[in-house]
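User: Hi, I'm new to reading protein models. Could you walk me through this one?

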Amino acid sequence: MEGAITFLSNPKYTQYIYETKATIVLVNEDLQLEHPVNCTLIRVKNAYECVAKLMQMYAQSLPKKTGVDPLAFVSPSAQIGKDVYIGPFTYVGEGVKIGDNTRIFPNVTIYDGCQIGKNVTIHAGAVIGADGFGFAPNQEGYEKIPQLGVVIIEDNVEIGANTCIDRSTMGQTIIHQGVKLDNLIQVAHNCEIGENTVMSAQAGMAGSTKIGAWCMVGGQAGFSGHIQVADRTMIGAQCGVIGNTKGDGETLIGSPAVNPKMYFKARALDAKLPDMYRQIAQLQRELDALKKIVEIER
Amino acid sequence: MEGAITFLSNPKYTQYIYETKATIVLVNEDLQLEHPVNCTLIRVKNAYECVAKLMQMYAQSLPKKTGVDPLAFVSPSAQIGKDVYIGPFTYVGEGVKIGDNTRIFPNVTIYDGCQIGKNVTIHAGAVIGADGFGFAPNQEGYEKIPQLGVVIIEDNVEIGANTCIDRSTMGQTIIHQGVKLDNLIQVAHNCEIGENTVMSAQAGMAGSTKIGAWCMVGGQAGFSGHIQVADRTMIGAQCGVIGNTKGDGETLIGSPAVNPKMYFKARALDAKLPDMYRQIAQLQRELDALKKIVEIER
Amino acid sequence: MEGAITFLSNPKYTQYIYETKATIVLVNEDLQLEHPVNCTLIRVKNAYECVAKLMQMYAQSLPKKTGVDPLAFVSPSAQIGKDVYIGPFTYVGEGVKIGDNTRIFPNVTIYDGCQIGKNVTIHAGAVIGADGFGFAPNQEGYEKIPQLGVVIIEDNVEIGANTCIDRSTMGQTIIHQGVKLDNLIQVAHNCEIGENTVMSAQAGMAGSTKIGAWCMVGGQAGFSGHIQVADRTMIGAQCGVIGNTKGDGETLIGSPAVNPKMYFKARALDAKLPDMYRQIAQLQRELDALKKIVEIER
């Protein structure tokens, strides 16, 4: 589009620079071109980072929502920091603490006693501090185990829309600083997520599981309860992690979770299973026939 | 139940017509009976469609909710069409446009700048236009990539309860006309869903993925980011689609997604894997023994 | 921590009793110690149950929320029992019935006509009675099948945050007494869940499926539509149940669901598939070579 500014960062898309109708294209300084182009190139160190910066500058120029909306409910005993935004229909329970510069969008529910750090963003519909899922069976049914703990969310955390983080049975469910949670995630009671771990939408953790720092978790991945995931672990989408992981920097995929090499080999051989099955039977028949021949010859 | 009207459409259930206590049964005009029945039969071209029509007529006779509920929040800059219903505790952000005859149930959140078409239904708790999940890593943690785009929902779309559709980073996340999304679905930033595609509950799409028109997606299915799914593709429940699909009308199942024939063969042979494993070892032993005999004989 | 009271129930953790800094430890009466300990032991019949009881006593001592919050919306035609709590921004539709002692947290939506029993707990953001997902295809797109039924939730049920239970097409979606549903669960139209069944977060049931009594369902498990799950069935996390189960007390795991022994054997052999594949080819080569020798000798 004429007048537009765009960017080229991934070399895979270099071909498109010859046909773009944009007026200006931000490119990496080392970009090599094979033909002339119709647009003005601005060469920068890192085009992707540069665009992110430009977007941040633009975003900062937009009017910023602040203040507690009169349609929010904030308990009188809650402590709200400076420059906080709390949207309409958001419920902030008794004794909740919210740090400076935190933004809480509409229709969020924060149960009594939870603590939210500074520069936290909580998107619409998220539920922080609902009861952990704990019941003790008896003859007639299940008895509720009261959930007396809280949720602690440290600084610079982002929590997606409709994500649920349950309070602990006793003690705390902790989301450490810098963690980014996408939408519709389930974090059960007594879980802990280490700093700067990133988790994609619809992932879920069962109770008391601890995920380390700087991990990346794919969408719809699931974690059994009472397990430990080491720092910098990479968990694929739809992965099912059912035990402790081995250590720093491991990559896991599949359900139950295994290493990617093994996983992709096994899944590729799925297609050959019927042939393998037939071949084994065929081998048995050929071997039996040969045995008979050898037997007769003797 | 005496006085009741019911219907028979699926031939599988024909046996029940002899014992029903209903007074009237709608049946397909070509229904063949082997015994007399106690009920009055009304023969119609298509009993199932006829019942759907009757239900629609009944539903239309019910009082219709309209108007913006005084307990909703609608930004002064939002543009609301004719005969719109907006329920209590629903938040409609700045500059949002909502077309005629659209119904939005309670506790929905529509972020600033999104566009909702005509005859759209959005169920309770859905979140339209929350930030896409975009962060750039740096030494200390992750930096937020501002999400400056919007969500566009075209006409005749239905969106289920607690479903989340994220705004795009730049440009638009688009839900084309006639799409039906069930509950608790995740649609990430910059996704596009083609017209009349139907998606079951808890399915999820990662960023920038495009699904074609007239597709059917099963529950809990997941799509990797940046992929393209062709028109009329059928995706099974819990399927994991990790690459572009091949073309019109394909059916996929399993995680990673493969064709159903291959999938069911492989999964059926799972049960025989232990036998296959033992048989291979047994074949090796028998072959070695035979080799020895042949060797000696020579 | 000095002054703290804790408990030891699982023998796996007995080692920690020698190093704990807690002042009092509740233990099972039959606990055998190998060394002296620094804390005071209180021996009880069942330490775990005892702690649950203590927690319940403590929880009962806390101020209890009751009453309909003035920020809730309750339809004038709704019937509300005694000692009910309804939180801010919760919507209770027309003709809804709510039994005694039921607690409904903020931002819940209960659509018209649904019935909620006694001693029920519904956590924040849950949606009860949204339309079932029913559409009939025609040439231009899909026509909505009106969802004219309701949801019935019996006594002593707990429903997690952001869980969705859809109304039936006709008749009722029923959650029987004592059922416990975790967060972010999908229960589709016309489903039925038998008494005292427990279901973990992010599980999902497609339409018209019936789950028996006293079942346990793992997180992210999914059920196809129109199937029956027998009483006391155990369903593993991420399981995909695609047909009727066989009977009382069965355990199922994997997707598609199979028995655990078979599942774990097959998944363990996944790692050996590449070897098996190579070995089959190798066997064929060896056998062919041997055949040639035998042929020549004759």
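User: What share of the contacts in chain A with a separation of 6 or more comes from residues 24 or more positions apart?

Analyst: A quick note to begin: this is a predicted model, where local features need pLDDT of at least 70, side-chain atom pairs count only at pLDDT 80 or more, and totals for chains, interfaces and linings use all residues. Residues are numbered from 1 along each chain as its sequence is written, chains are lettered from A and ligands numbered from 1 in the order in which they are written, and side-chain values use heavy atoms, leaving out hydrogens and water. A contact means heavy atoms within 4.5 Å. Among chain A contacts with a separation of 6 or more, the share from residues 24 or more positions apart is 12%.

User: Is A:D83 buried, partly exposed or exposed?

Analyst: A:D83 sits in the loop between β6 (79-80) and β7 (85-86) of chain A; strands here are DSSP runs (E, at least two residues), numbered from the N terminus. A:D83 isn't a glycine, yet its phi is positive, about 55°. Buried means under 20% relative accessible area, exposed over 50%, and partly exposed in between (1.4 Å probe, protein chains only). With 48% relative accessibility, A:D83 is partly exposed.

User: And C:N196, buried or exposed?

Analyst: C:N196 is in the loop between β23 (192-193) and β24 (198-199) of chain C. Phi is positive for C:N196 too, near 60°. Its relative accessibility is 5%, so C:N196 counts as buried.

Terms used. Helix = DSSP H or I, 4+ residues; strand = E, 2+ residues; numbered from the N terminus.
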